[in-house]
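Trainee: I would like to learn how to read the features of a structure, one at a time, with the general idea ahead of the particular case. Could we begin with the charged side chains?

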Amino acid sequence: MRAIWKGAIAFGLVNVPVKVYSATEDHDISLHQVHNADGGRIRYQRRCEVCSQVIDYSDIEKAFEEDGRTVILSKDELKSIPAENSHEIEVVQFVPSDQLEPMMFEKSYYLEPDSKSPKAYVLLRRALEDTDRVAIVQFALREKTRLGALRIKDDVLVLQSLLWPDEVREANFPSLDADIRISAQERDMSAALVESMAADFEPESFTDDYQVQLRTLIDAKLEQGESLDTEETFGVEAGEGGKGEVIDLMEALKRSLDRKRGGAAASSSAAGSGDSDGAEEEEEEPAKPARKSSGTRSTGTGTAASKTTSGTRSTAAKSTASKTTATRSASAKSGSAGGAKSGTAKAASTASKATKATDSKPAGSKSAASKTAAKPAAKTTTRARKPA
């Protein structure tokens, strides 16, 4: 065991140096809260309601609130109170043990002699044994003034903290004030039942069945491999020297929203620039001379396709606009000369295929596509001159 506190019992003019140990311990299995989807541990943060920051224990003070006003009490101010800073267990009186109400008992501590000679310790123990009394004491532990009872258990002094009188509630049940009659036969039967169950109290014969079954369930899941790596699923606790980043939920949502808005703005600006380029090229087409020979127009179409496939394309949007322009030009030209219809259609079709092949195939095959597109353009020019 490890001592949790050191002090001295003030027994009149006698001081008894002692070490204080917790006499009881909790054996309940400690369970954590985790996320059922990934097993990640759920932690509660010490977040300030004013600045929304996570606060370390070292920066936390205590406060008292009353009638809408809060009074902050620093650690130094609390330590300045004499009773809170005292390491003395002061004996104030000796009382018969049967006068202590069991409901007032709170927590028990073992006291060990903390001096080279335990004579004063033994003297106090013998005084309690000889008088068959319990010493009522006052002491300070964990920044609180406490009331306690000093008694003997197996030659060891035991300090039991007591509740203050105003901490024990009064039992006031009007239903018990009613006049209830109990027959002598009922009392005899209840006494017989008590006698049949009478025994000496043996604490070792009782067990906490729930904790035993819980431990059995945990061991079974461990044997079946139903466990997770603690270091991977349990994150870093807030305030551990900056080993983990604590993300504010509102800040994370704001960042995600800003990122989505930024992506949408970039997409709309790119689409707007592509539409404007196509609109400018479509507006340029009606400005071309309408009465040129079909041969000249076909040669222009073939030349445009050749230029597109030779490496002068800048963006996919412009290539699409060029294809649209070539197709519209071919459709307009097909109505002017009957002999040039097939030549113009072939040139427009060849140019479209060459443009598509250029967008999908690597650079090595682009030159071949350019040659293929140039040949039909020359044939179209020769056929267009014969009718002239």
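Mentor: A search of the whole structure finds four salt bridges, a salt bridge being a side-chain nitrogen of Lys or Arg within 4 Å of a carboxyl oxygen of Asp or Glu. Please keep in mind that this is a predicted model, in which local features need pLDDT of at least 70 and side-chain atom pairs count only at pLDDT 80 or more, while totals for chains, interfaces and linings use all residues. Residues are numbered from 1 along each chain as its sequence is written, and side-chain values use heavy atoms, with hydrogens and water left out.

Trainee: What separates Asp219 and Arg215 along helix 4?

Mentor: The general idea is that an α-helix has 3.6 residues a turn, so residues three or four places apart point the same way. Here Asp219 and Arg215 are four residues apart in helix 4 (residues 209-223), and therefore separated by about one helical turn. Their salt bridge brings the closest N and O atoms to 3.1 Å. Asp219 is partly exposed at 32%, as is Arg215 at 39%. Another salt bridge joins Asp154 to Lys153, with the closest N and O atoms 3.2 Å apart; there Asp154 is exposed, with a relative accessible area of 64%, and Lys153 is partly exposed at 37%.

Trainee: What span should helix 4 have, judged from its number of residues?

Mentor: The expected span is 1.5 Å times one less than the number of residues. The 15 residues of helix 4 should therefore span 21 Å, and the end C-alpha atoms are 21 Å apart, which agrees. Just after helix 4, Gly225 takes a positive phi of about 80°.

Trainee: Where is there a positive phi in a residue other than glycine?

Mentor: Most residues other than glycine have a negative phi. Asp67, in the loop between strand 3 and strand 4 (69-73), has a positive phi near 55° and is exposed at 76% relative accessibility. Asp155, in the loop between strand 8 and strand 9, has a positive phi near 65°.

Trainee: How many strands make up the closed barrel, and in what order do they run?

Mentor: Strands of a sheet pair through backbone hydrogen bonds, either parallel or antiparallel. The closed barrel has seven strands in the order 1-2-6-9-8-7-5, with mixed pairing, where two strands pair if DSSP finds at least two bridges between them. Strand 1 and strand 2 are antiparallel over seven bridges, with Ala8 opposite Pro17, whereas strand 1 and strand 5 run parallel, joined by three bridges, with Ile9 opposite Ile89. Strand 5 pairs in turn with strand 7, antiparallel over six bridges, and Val95 has Val134 as its bridge partner there.

Trainee: Which residues have the most contacts inside the largest nonpolar core?

Mentor: A nonpolar core is a set of buried Ala, Val, Leu, Ile, Met, Phe, Trp, Tyr and Cys residues joined through side-chain atoms within 4.5 Å. The largest one has 19 residues, and those with the most contacts inside it are Ile9, Ile89, Leu111, Val137, Leu150 and Leu159. Helix 2 (119-131) and strand 1 (5-11) are among the elements that each supply at least two of its residues, while strand 7 gives the most, with four. Leaving aside neighbours within four places in sequence, Leu111 is in contact (heavy atoms within 4.5 Å) with residues including Ile9, Val18, Tyr121, Leu150 and Leu159. Apart from this core lies another, of eight residues, among them Leu100, Val134, Ile136 and Leu147.

Note on methods:
Buried means under 20% relative accessible area, exposed over 50%, partly exposed in between (1.4 Å probe, protein chains only).
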